[in-house]
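Colleague: I am new to this protein and would like to go through it term by term. Could we look at it together, with each word set against its definition?

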Amino acid sequence: MLKKKWFVVLALGAAFIILSFGIYLSSVVIGAAAIDEKELVMNETSVLEDEDGELIAELQEENRDLVNIEELPDHVKEAFVAIEDVRFYQHQGIDPRAIGRALYRDIQAGAAVEGGSTLTQQLAKNAFLTNDKSLMRKTKEVLIAMGLERKFSKDEILGYYLNQIYFGHGAYGIQAASEMYFNKDASELTIDEAALLAGMPKAPTTYSPVDNPEGSKDRRDVVLSVMERHGFINAEEAVAAEGRTVPSELHRTENNPAYYTYIDMVLAEAENTYSISAEEVYRGGYTITVPMNNDMQQTSYDLFQDSSYFPESSEARSEASFFMMDSDTGGVTAVQGGREYVRQGLNRTTLKRQPGSAMKPLAVYGPALDTGDYQPYSMLVDEKIDYDGYEPSNNNDEYKGEVSMSEAVIESTNTSAVWLYDQIGESYSSSWMEKAGIHVEEEGLGVALGGMDEGTSTLEMARAYTSFSNNGMKVEPYFIEKIEDRSGETIAEREISEAEVTTPQNAWYMTRMLEQAVMEGTGAAGGDTSYALAERPEPPHSKPLMTRQEMHGLPATRRSGQVLCGWI
């Protein structure tokens, strides 16, 4: 009988063990199946950098910079393990001891005062689940935690956790928090700094050192005491760390308003050229290298804010746009979409306006040189002529009978431009401008003077003028040199795109005439603005010129490979 009883006990024990193992194995399998690793791909800040690697702007949905767990000092990892889950390296995702201790203290207090969740459970909750308090959610949390432990190493889990958690003031993850509060890389955190950050996830607002320095210090000292109690640091280190002050200010990186237009045009190019949406850029952790000249971008913005460079208006503030590119490569070095440009707002560099006399080199003189019948010193008619009811006149109402093409360009002579346009023919001029990237639907001689219903944009004009400054080749402007993903792999890189518009000789002729217009002709009136730009720090061998000439147009000018165009 006794033998039979022992047999039953052993059988029940074996059944219990088998059942327990089956439940555990099922839990692990179910938990692993519930893990979608895409949920562990966290939003990360993308950055714009210039060609020298200098930071221009940060683009983020969440302020998070991922850090490799191997780059963190041991005391950083130990601070979080000590205060959040001291048996982290012993359990398999759930800690029965911690659960029992938390339950006991909750019963003693008569309320939920302590949680028993492990770091793995917290990662499971933050990455895969909602914040509801249902029993089913808690069950899923446990199952996913067990699955995570099966799927990843302890260091991998801790790394995911430290990159995931929120530290207040918009900072997600240990790296962003380190930069926000201490203005340093997470790999440089000291023991007291690590303890302060480890104490924050429980209540980021309550333990913010900026909003609540006393509470933050008290919480930090608790973490230090726990670290000392469990042997992570010694008593001397704990005392020294407790004597340190807490940070009193935040270190935020605010995007410069001078860069707003450039940022938006980078995002547009990323989507239109490389099929990377703005939303993906904001969360994808990309490094985007751009050809911006920081000094010129800032200088152009500052000048746009200076009202002395713009005509006064009693009705509204005068507006403008500015576009500067490298005529050799197409890299856009500076751009302003308006004097009061706001992110994703009206961008005047792509807004079509009447170009005024800036159209003459494109509609008249460039095409005329290409006919082979005209040279810079060919003589043109400078008289008032009635063209079936259209009778252009010069601004000063003076007429010389005839002038050279060079003189007509320098003085921006209206009558000569219209006469020459009539000679070469509207069709020939339109075909030439199409090659330069300017599409003209209007008919009539007024096109020679920029008299167009729809007009053209600053961007289009700058691109067209590269035909002169780049030996006859039109270059497409670009804003992105290359894009690297969060792993540092280059996933996109610019290619120079150019097309022949005119001959190198005729491009040289046109460039020399335009330079003379700026130095001694009608463009000289804008010299004060030109020098204001040149006085700011610039790259070597570059002297970009900005001129206000007649009506709406600013003629593009080349100096050392730079083409600039703008409207006021």
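Modeller: Buried residues make up 51% of the 568 residues in the protein, where buried means under 20% relative accessible area, exposed over 50% and partly exposed in between, with a 1.4 Å probe and protein chains only. This is a predicted model, in which local features need pLDDT of at least 70 and side-chain atom pairs count only at pLDDT 80 or more, while totals for chains, interfaces and linings use all residues. Residues are numbered from 1 along each chain as its sequence is written, and side-chain values use heavy atoms, with hydrogens and water left out.

Colleague: What does the secondary structure of the protein come to?

Modeller: It comes to 20 helices and 13 strands, these being DSSP runs numbered from the N terminus, with H or I and at least four residues for helices, and E and at least two for strands.

Colleague: Why is lysine 360 counted as buried?

Modeller: Lysine 360 has a relative accessibility of 3%, and the limit for buried is under 20%, so lysine 360 counts as buried. Lysine 360 lies in helix α14, which covers residues 360–371, and its C-alpha atom is separated by 9.0 Å from that of valine 418, 58 residues apart along the chain.

Colleague: What makes α14 roughly parallel to α18?

Modeller: Helix α18 (residues 458–469) packs with α14 at an angle of about 20 degrees, with their axes 11 Å apart; the axes are lines fitted to C-alpha atoms, for helices over the stretch in contact, and angles run from 0 to 180 degrees between N-to-C directions. Angles under 35 degrees count as roughly parallel, over 145 as roughly antiparallel, 65 to 115 as roughly perpendicular and the rest as oblique, which makes α14 roughly parallel to α18. Pro361, Leu362 and Gly366 of α14 make the contact with Met461, Ala464, Tyr465 and Phe468 of α18, where contact means heavy atoms within 4.5 Å.

Colleague: Why are α14 and α16 called oblique to each other?

Modeller: Helix α16 (residues 414–424) and α14 pack at an angle of about 50 degrees, with their axes 10 Å apart, and the two helices are therefore oblique to each other. On the α14 side the residues that meet α16 include Lys360, Ala363 and Tyr365, and on the α16 side they include Asn414, Leu420 and Ile424. By class, this contact has nine nonpolar, three polar and one charged residues, with Ala, Val, Leu, Ile, Met, Phe, Trp, Tyr, Cys and Pro counted as nonpolar, Asp, Glu, Lys and Arg as charged, and the others, Gly among them, as polar.

Colleague: Why is α8 described as largely enclosed by the rest of the structure?

Modeller: Seven of the eight residues of α8 are buried, so α8 is largely enclosed; the buried ones include Asp192, Glu193 and Leu197, and what covers them includes α2, α7, α9 and α10. Helix α4 is also largely enclosed, because eight of its 10 residues are buried.

Colleague: Which residues have the most contacts inside the largest nonpolar core?

Modeller: They are Phe80, Leu162, Phe167, Ile174 and Leu197, in a core of 51 residues, a nonpolar core being a set of buried Ala, Val, Leu, Ile, Met, Phe, Trp, Tyr and Cys residues joined through side-chain atoms within 4.5 Å. Apart from this core lies another, of 39 residues, among them Tyr365, Ile424, Ala436 and Met510.
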